[in-house]
Amino acid sequence: GIVYCVDHGAKVVNCSWGNTTFNQLAQDVTDDAILNNDVVVVASAGNIPYDTAYYPASYRFVLSVSGVNNLDQFDPPSNPPFSWNDSVDVTAPGFNVYTTATYNGSPLYSPPQGGTSIAAPLVSGVVGLVRAKFPCLTAIQVVQQIKNTTDNIDNIPENTPYVGKIGVEQS
């Protein structure tokens, strides 16, 4: 899917999928997209309630996204549980998000919908806005711009056990 997007001119690719298995070919594909084709790859960090690498979010250069609630609180025992690890770059709303999606033919218009697969596309939208505002930035620079301008949520009491595991540590 990433190769298809690159071949068709995408400048941002959202990956709301993954697993816990590293694959060198997949790392090579993301490297090629990001480094050789100037594509920002954004990926959900996973919905597993423990500290583990989740791919493609944990591949180098990929913008990894976990989730928080409306108070910027990360709470992995909650439903849905979110992954945390040292490759998570940012968090975005992932709890009680309204959607027009369907499940088994029934609309899912109201909360409680959530997951890092919902948080990642929100960040992909931010990537699009940053690329529109700063068209001269490379994919790597766009990711750095987003990481540099995020709110620091480490000091929220619910988040302190996860410092360095749910996004950029800022001073």
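Student: This is a predicted model. What makes β3 and β4 a pair of strands, and in which sense do they pair?
Tutor: Two strands count as paired if there are at least two bridges between them. Strand β3, residues 63–68, has four bridges to β4, so the two meet the cut-off of at least two. The sense of the pairing is parallel. V65 stands opposite V90 in β4, and V68 stands opposite P93 in β4.

Student: How do you know that β2 pairs with β3?
Tutor: Three bridges join β2 to β3, and at least two are needed, so β2 and β3 count as paired. These strands run parallel. S44 stands opposite V65 in β3.

Student: What is the order of the strands in the sheet?
Tutor: The order is β1-β2-β3-β4, in an open sheet of four strands with parallel pairing. In general, strands of a sheet pair through backbone hydrogen bonds.

Student: Why are β1 and β4 called edge strands?
Tutor: Each of them, β1 (12–15) and β4 (90–93), pairs on one side only. On average, neighbouring strands of this sheet are turned by 30 degrees against each other, direction ignored.

Student: How many residues of β3 are buried?
Tutor: Six of the six residues of β3 are buried, and buried means under 20% relative accessible area. Both faces of the strand are covered. L63, V65 and G67 are on one side, and S64, S66 and V68 are on the other.

Student: Why is V40 called buried?
Tutor: The relative accessible area of V40 is 2%. The label applies under 20%, so V40 is buried. V40 lies in strand β2, residues 40–44.

Student: Which residues does V40 touch, leaving out those up to four places away in sequence?
Tutor: The contacts of V40 are K11, V12, V13, V127, R131, A139, V142 and V143.

Student: Why is D38 called partly exposed?
Tutor: D38 has 25% relative accessibility. Buried needs under 20% and exposed needs over 50%, so D38 falls in between and counts as partly exposed. D38 is in the loop between α2 (24–37) and β2. Its phi is near 60 degrees, a positive value in a residue other than glycine.

Student: Is D72 buried, partly exposed or exposed, and why?
Tutor: With a relative accessible area of 30%, D72 lies between the cut-offs of 20% and 50%, so D72 is partly exposed. Its place is in the loop between β3 and β4. D72 has a positive phi of about 65 degrees although it is not a glycine.

Student: Where is P56, and what is the peptide bond from Y55 to P56?
Tutor: P56 is in the loop between β2 and β3. The peptide bond from Y55 to P56 is cis, with omega near 15 degrees.

Student: How many residues line the largest pocket, and which lie nearest its centre?
Tutor: The lining has 16 residues, and V90, T91, T150, D151 and I153 lie nearest the centre. The space in this pocket is about 250 Å³. β4 gives the most to the lining, with three residues.

Student: How does the lining of the largest pocket divide by residue type?
Tutor: Eight residues of the lining are nonpolar, four are polar and four are charged.

Note on methods
Residues numbered from 1 in each chain as written. Predicted model: local features only at pLDDT ≥ 70, side-chain atom pairs only at ≥ 80, totals over all residues. Heavy atoms only, no water. Axes fitted to C-alpha atoms, helices over the stretch in contact; angles between N-to-C directions. 1 Å grid on protein atoms, 1.4 Å probe; cavity = no way out; pocket = protein on both sides within 12 Å on 5 of 7 lines; lining within 4 Å. Points joined across faces, edges and corners; volume = space filled by probe spheres on them. Nonpolar A, V, L, I, M, F, W, Y, C, P; charged D, E, K, R; others polar. Buried < 20%, exposed > 50% of the residue type's maximum accessible area, 1.4 Å probe, protein only. Contact = heavy atoms within 4.5 Å.
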